[in-house]
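Let's take a walk through a protein fold, one piece at a time. Keep the picture open and follow along as you read.

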Amino acid sequence: MDKKIIAIIAIIIIGILAIGFYFTNNNDSETDDNVVNIGHLPSDHDAALFVAKEKKMYESQGLQVEITQFNNGGDLITAMASGDIDVGYVGITPVLSSISQKVPIKIVSGAQIEGSSIVANKNSGINTVEDLKGKNVATPGEATIQYILLSYALNQSGVSTNNVEFTTMKAAQMTDTLKAGRIDAMIIWEPYASIAVKNGAGKLVETSGQIVAEHPCCCVVAREDFIKKHNDKLKKILKAHENATKFINENPEEASNCLPDDIVPDKKLQKDIVANTTYIYGLDNNYKEKVMDFMNLEIELGVLDKPLTEEQLFADV
């Protein structure tokens, strides 16, 4: 086919998609306005979302919320960019990368600190990060904070990422794959790291807090157009997030019972995980500083080309 014809077809397709996006995002029907679409990952890092939903904290704010699960942060932010998701609970790494690529989202609150671990197959002979050299290690994907943390840990240990075989895998598949010996190690968020250790399949090598102390992990982000057009709804979402976070920190056992069974198969184990996880809300100066520090770490690793400003990253609602 002639290259000019191909170019014309491509332009027409882009135009149709743009028009569809315009009308989708400018639909002011009462039904659409009453629903806030929130995306999340299969992780207990998003516990505040599940608690707020279970305890009807959104309803008490007069909100109707629909939640959608994504395999990783990259997929979630793609859905936000297309207008399908208004607010997301997602890792800081895909957020930084997306904002650097001009995706119109902002961080509106912290969600939790640390909460991932490197776990090795118990028969792999891996005891330290240095032992990962020449091994097959599963991550949730290159666009995730877990991949960045692993890359940094290897860098600090003098091991090139070129000497490690990376496998991208869904979080829920990692534990069984590790147990079967098809991977040597994994880095993953909770509760999957603790599940692998408890069931005897794996042994803990290093926590993410040992790699980078008090690093930000999951945060709450919102589309810029949602922030501008529905600021009142976003404030209510964040109030529910605050109330849920306080509930979690005061009632870890009850909070763990609010998490979905497909994420938390072991409620007893989950109670201890929740109790030992730092859940947060808001955007204080200390949190912003931690985000900026992590951004600089990503620049050091070559993940980001240049620094972002606080104005680019945060929206104080």
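Start with the sheet: five strands make up an open sheet with mixed pairing, in the order β2-β1-β3-β11-β4. At its edges sit β2 (64–69) and β4 (105–110), each of which pairs on one side only. If you look along the sheet, neighbouring strands are turned against each other by 30 degrees on average, ignoring direction. Bear in mind that you're looking at a predicted model.

Strand β4 is joined to β11 (residues 218–223) by five bridges, and the two run antiparallel. To find one of the partners, pick K106: its bridge partner in β11 is A222.

Helix α3 (residues 47–54) packs on it and touches β1 (35–40), β2 and β3 (87–91). The direction of α3 makes about 140 degrees with that of β1. Then there's helix α12 (residues 231–250), which lies across β1, β2, β3, β4 and β11 and runs at about 30 degrees to β4.

Between β1 and α3 there's a loop, and P42 is found in it. Is P42 buried or exposed? Its relative accessible area is 9%, and buried means under 20%, so P42 counts as buried. What does P42 touch? Leaving aside neighbours within four places in sequence, P42 is in contact with Q69, F70, N71, W189, Y192 and I263. Take F70 from that list: P42 and F70 are 28 residues apart in sequence, yet their C-alpha atoms are 7.1 Å apart in space.

Q270 counts as buried because its relative accessibility is 1%. Not counting residues up to four places away in sequence, Q270 touches D44, P191, S256, L259 and V264.

Finally, let's look at the nonpolar cores. Which residues have the most contacts inside the largest one? They are V95, L96, I107, L132, M186 and L313, in a core of 65 residues. Helix α7 (residues 145–156) gives the most to this core, with eight residues. For a closer look, pick L96: setting aside residues up to four places away in sequence, L96 touches V291, F294, M295, E298, L304, L308 and L313.

Methods:
Residues numbered from 1 in each chain as written. Predicted model: local features only at pLDDT ≥ 70, side-chain atom pairs only at ≥ 80, totals over all residues. Heavy atoms only, no water. Pairing = 2+ DSSP bridges. Helix = DSSP H or I, 4+ residues; strand = E, 2+ residues; numbered from the N terminus. Axes fitted to C-alpha atoms, helices over the stretch in contact; angles between N-to-C directions. Contact = heavy atoms within 4.5 Å. Buried < 20%, exposed > 50% of the residue type's maximum accessible area, 1.4 Å probe, protein only. Core = buried A, V, L, I, M, F, W, Y, C linked by side-chain atoms within 4.5 Å.
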